[in-house]
Amino acid sequence: FVVAVSAALWALSNVVFVIAPLAARPIVALASYSIATILVIGFLKFCLSISTVKSGGWLERTYVTLGIVVATLSAVPGVILLGIVEETTIQTRPTMLVVYGAYVAIGIIAGVSSLVRTYYRSTKQEKQRIIVIMAGLAVGASVGLIGNLIMPMMGNYEFVQVGPLGVLIFVWSSYYAISRQRLFDIRRAAMRTAAYIVSMAMLAFIYSA
């Protein structure tokens, strides 16, 4: 859910950046950096949630904590974003952009390594689910990293609008694995959610009465 929502918001921020007035574009760009950080955190948590290999809990907590710091700092003017040079060209602080890119890369590498280790310890059906997810990840991460990280580091911002499409490919592949290949037990989760809603509704009705 976090991955899907943050991916949608990230895609929306890239569209708004192009059509927004010039004075508002720095704000949209700052929001885009921050949302992308949340997207990476959600991706890592998603990979760990389907992993059968135990990982260090303190490492996960440290990465999430650092992610909150990175998301906050990346939304502050002057930390990564220095300004808008032209209509769609962003001026950034190179050192901070490298640090930001390193954080994103670590999250993706950690998530992928978790999936790979799980693949070799899974059943045949579980392997098929992971293959679908990793196929979407390979395409999505390649498009997103090249268009929104590697090219901007080289001063080219012409392909930043393509990055969110790559993430949406990963979201679609994950949806397919969940809905068609039963990656998670959606029916039980839906039944529990419905039970909670009915319980809360009954409590509210009794209290009101």
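Contact here means heavy atoms within 4.5 Å. Helices (H or I, at least four residues) and strands (E, at least two) are DSSP runs, numbered from the N terminus. The model is a predicted one, in which local features need pLDDT of at least 70 and side-chain atom pairs count only at pLDDT 80 or more, while totals for chains, interfaces and linings use all residues. Residues are numbered from 1 along each chain as its sequence is written, and side-chain values use heavy atoms, with hydrogens and water left out.

The protein chain contains seven helices and two strands, and its elements follow the order α-α-α-β-β-α-α-α-α from the N terminus on. Of its 209 residues, 39% are buried, where buried means under 20% relative accessible area, exposed over 50% and partly exposed in between (1.4 Å probe, protein chains only). Among contacts in the protein chain with a separation of 6 or more, 69% join residues 24 or more positions apart.

Next come the pairs of helices. Two packed helices are described by the angle between their axes and the distance between the axes. Axes are lines fitted to C-alpha atoms, for helices over the stretch in contact, and angles run from 0 to 180 degrees between N-to-C directions. Angles under 35 degrees count as roughly parallel, over 145 as roughly antiparallel, 65 to 115 as roughly perpendicular and the rest as oblique.

The axes of helix 2 and helix 4 come within 8 Å and cross at roughly 20 degrees, so these two helices are roughly parallel to each other. Helix 2 passes helix 4 in a left-handed crossing; a crossing is left-handed if the near helix is turned anticlockwise from the far one by less than a right angle, and right-handed if clockwise. On the helix 2 side, the contact includes Y33, A36, F43, C47 and L48, and among its partners in helix 4 are L97, Y100, V104, S114 and L115. This contact has 16 nonpolar, four polar and no charged residues. In this count, Ala, Val, Leu, Ile, Met, Phe, Trp, Tyr, Cys and Pro are nonpolar, Asp, Glu, Lys and Arg are charged, and the others, Gly among them, are polar.

S114, found in helix 4, is buried, with a relative accessible area of 1%. Leaving aside residues up to four places away in sequence, S114 touches C47, L48 and S51. V104 is found in helix 4 and is buried, with a relative accessible area of 9%. V104 and A36 are 68 residues apart in sequence and 8.6 Å apart in space, C-alpha to C-alpha.

Helix 1 (residues 2-19) also meets helix 2 (residues 25-49): their axes come within 9 Å and cross at roughly 160 degrees. Helix 1 and helix 2 are therefore roughly antiparallel to each other, and the crossing is left-handed. The residues of this contact divide into 15 nonpolar, five polar and one charged.

Of its 40 residues, F43, I90, L115, I133 and F170 touch the most other members. Elements giving two or more residues to this core include strand 1 (81-84), helix 5 (124-153) and helix 6 (163-179). Helix 2 supplies the largest share, 14 residues.

Notes:
Core = buried A, V, L, I, M, F, W, Y, C linked by side-chain atoms within 4.5 Å.
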